[in-house]
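User: I have a structure open and want to learn how to read it. Can we go through it feature by feature?

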Amino acid sequence: MKRNVTLEYALGEGWLAPWLDGLREGRPVASTCSACGDAHFPPLRVCPTCRSRCDGWRNLGGGATILCRTQGTDGDFAMARFDGARIATIARADRLPEDATRAVLAACPDDPPFLSLVTEPRT
Amino acid sequence: MVLVIGAAQTPFNRRRDGSGFRDWSGDAFEAALAMSGIERRDIDALIVGSESDFFTLQLNPASVLAQDLGLCGAETLRVEGGGATGQLAVHAGVDRILSGRARHVAVIGVDPSASTLAGESIRELYGYSFDFWTDGLSGVTATALYALSWQAFATANGGQIDDLNAVTIKNRRNAMSNPDAHLPREHRVEEFAASPMIASPYCRLHCSPLSDGAAALILSAPDAAPEARRNRAPRITGIGAASDLPGLGHRADPAVFGAKSRAAQRAYDMAGVTPSDIAVAEVYDAYAGAELQAIAALGLSPEPIRSLRDGDFDADGTCPVNLSGGLMGQGAPVGATGVGQTATCALMLEGRYHAGLQPDRPLGHALADTHGGVGTTCAVTILSAGATA
Ligand SMILES: [Zn+2]
């Protein structure tokens with residue numbers, strides 16, 4: 001017996017809207033905790049450091065350090081920590097050179113947007 | 001404590017016989033019920049562990065299974081916790097009995113993870129197992145996340161590719177004596193170099209398969225168990241569960257399954273045992289390296305990689321791990337996995353497991369371990385031998 005189901009979701013972005021807007025525009029927007037000063041990218045609603053409610057947003061602006069990387073038929077992904085962020089993130093790394101140690105967030109106008117890293121511009 | 005008076009599972013494999021999850025649930029349940037010595041009408045609650053309605057295309061699966069199994073009137077509940085689904089269903093059943101709300105509980109774990117959807121669709125669904133809004137949006141797969149976690153563990157503990165190969169070889173060799181196993185294989189080391197790289201360092205041979213199947217337990221309050229089972233049946237003496245942040249990067253150390261350690265400690269405390277008391281363990285080896293990370297978190301060895309190399313986890317080792325073949329060899333129908341692990345431990349403690357895998361020494365305590373995400377939703381169960389096993 002065959003059955004084909006096609007589903008189209010309309011997902012409310014809610015409190016994560018500033019983060020998703022940042023991904024669309026290539027801005028690493030972190031949630032911030034005014035109690036301890038930590039910034040979290042990806043954003044967390046409650047700060048894991050002090051368990052206070054995160055109460056603001058900040059564009060971290062800068063680049064990220066590649067911590068580790070995996071490649072294969074499933075794609076090319078990295079764990080990276082953005083400058084100024086307490087925590088690390090998972091991101092696509094298929095646009096980065098193999099030996100990259102630094103990267104920046106790529107603008108992603110797709111819907112939904114996704115985290116993708118590209119080479120850090122020379123300064 | 002709670003008695004396991006019935007325990008059974010179907011083969012875990014890719015079904016090509018036209019059967020479905022309702023058939024497998026029925027087969028596992030009837031076998032467990034026959035072992036238990038009680039009747040359908042004695043069952044007060046049915047707990048169903050099933051990970052996703054997308055696999056079964058059936059919301060509220062407990063309702064139709066209660067109908068199929070002749071349990072209408074019993075309390076029904078469906079439990080879901082990613083890869084930990086089955087073990088959490090066992091815990092829900094144990095809680096029903098310990099609270100006094102039920103005297104006999106049927107627990108069924110089932111999922112058609114292999115035959116109902118194309119592999120690509122299943123992979124996409126598993127992508128929603130992680131935080132969809134953060135990690136999930138990158139399109140990252142389970143294999144890639146586990147690979148990143150293993151890399152951190154290997155760096156900290158000196159793990160090598162040979163160690164990953166050794167886990168796969170051990171578990172699939174064990175599976176060769178398990179007639180219910182999906183991938184009974186005698187792998188040669190040379191095969192690993194030719195296996196496609198999925199997410200470095202994990203090649204396909206380091207990944208567990210997608211499987212179909214079901215497992216069932218009949219749990220009983222001690223004073224309600226049939227006379228014939230009361231002394232002999234193994235007991236669930238400890239359960240523990242805990243959670244971690246879903247994002248690997250959110251954790252203090254992506255190598256460490258911290259929630260598993262917390263879950264295990266809760267289970268050890270409840271059972272009144274320590275890791276050194278565990279005689280056999282069924283450990284969540286979704287990926288080869290995850291078995292070693294789990295062993296570390298469970299405290300089964302202070303140096304898991306050295307213990308692996310010394311053969312401590314082999315079938316004739318000091319603490320055999322995944323005698324069933326684990327997910328790697330026996331297979332992984334998600335909701336059935338944790339229930340099957342618990343059934344395996346119960347049958348071993350009672351001396352009723354498959355010939356060739358049943359340890360020839362008396363077993364005191366066994367441990368069953370699962371998690372959802374990459375060590376995010378963790379559930380550990382400890383079983384102890386019956387008085388006259
Ligand atoms: Zn804080």
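User: In what order do the elements of chain A run from the N terminus on?

Analyst: A word on the model before that. This is a predicted model, where local features need pLDDT of at least 70, side-chain atom pairs count only at pLDDT 80 or more, and totals for chains, interfaces and linings use all residues. Residues are numbered from 1 along each chain as its sequence is written, chains are lettered from A and ligands numbered from 1 in the order in which they are written, and side-chain values use heavy atoms, with hydrogens and water left out. Now the elements: helices (H or I, at least four residues) and strands (E, at least two) are DSSP runs, numbered from the N terminus. Chain A reads α-β-β-β-β-β-β-β-β. That makes one helix and eight strands.

User: What share of the residues of chain A count as buried?

Analyst: Start with the cut-offs. Buried means under 20% relative accessible area, exposed over 50%, and partly exposed in between (1.4 Å probe, protein chains only). In chain A, 45% of the 123 residues are buried. The C-alpha trace of chain A spans about 55 × 35 × 25 Å along its principal axes.

User: Which protein donors does the zinc ion have?

Analyst: Donors are N, O and S atoms within 2.8 Å of the metal (3.2 Å for Na, K and Ca); water is not among the atoms, so sites may look incomplete. Here the donors are the SG atoms of A:Cys33, A:Cys36, A:Cys47 and A:Cys50, at 2.3 to 2.4 Å from the zinc ion. Along the chain they follow the spacing C-x2-C-x10-C-x2-C. A:Cys36 sits in the loop between strand E1 (29-32) and strand E2 (39-40) of chain A, while A:Cys50 sits in the loop between E2 and strand E3 (56-59), 14 residues apart. A:Cys36 is partly exposed at 32%, and A:Cys50 is partly exposed at 32%.

User: What geometry does the site of the zinc ion have?

Analyst: Check the angles. Four donors count as tetrahedral if all angles lie between 85 and 135 degrees. The angles among the four donor atoms are 96 to 119°, so the site is tetrahedral.

User: Where is B:Leu69 found, and is it buried or exposed?

Analyst: B:Leu69 is in the loop between helix H3 (61-68) and strand E3 (75-79) of chain B. B:Leu69 is buried, with a relative accessible area of 2%. Leaving out residues up to four places away in sequence, B:Leu69 touches B:Ser25, B:Gly26, B:Phe29, B:Arg40, B:Leu46 and B:Ile108. Just after H3(B), B:Gly70 has a positive phi of about 70°.

User: How many residues of each chain are in contact between chain B and chain A?

Analyst: Contact joins 27 residues of chain B to 34 residues of chain A. Now the buried area: the accessible area (1.4 Å probe) that two parts lose on being put together, summed over both. For chain B and chain A it is about 2,300 Å², with 69% on carbon and sulfur atoms. B:Trp133, B:Leu137 and B:Leu148 supply 27% of the area chain B buries against chain A, more than any other three residues.

User: How many salt bridges are there, over all chains and across the interface of chain B and chain A?

Analyst: Side chains of opposite charge can pair when their charged atoms come close. The cut-off is a side-chain nitrogen of Lys or Arg within 4 Å of a carboxyl oxygen of Asp or Glu. Over all chains there are 26. Across the interface of chain B and chain A there are zero. In chain A, A:Arg102 and A:Asp83 form one at 2.8 Å, N to O. A:Arg102 is in strand E7 (residues 102-105), and A:Asp83 is in the loop between strand E5 (75-82) and strand E6 (89-92) of chain A. In chain B, B:Glu350 and B:Arg352 meet at 3.1 Å, N to O. B:Glu350 is buried, at 4%, whereas B:Arg352 is partly exposed, at 39%.

How values were computed:
Tetrahedral: all angles 85-135°; square planar, octahedral: opposite > 155°, others 65-115°. Contact = heavy atoms within 4.5 Å.
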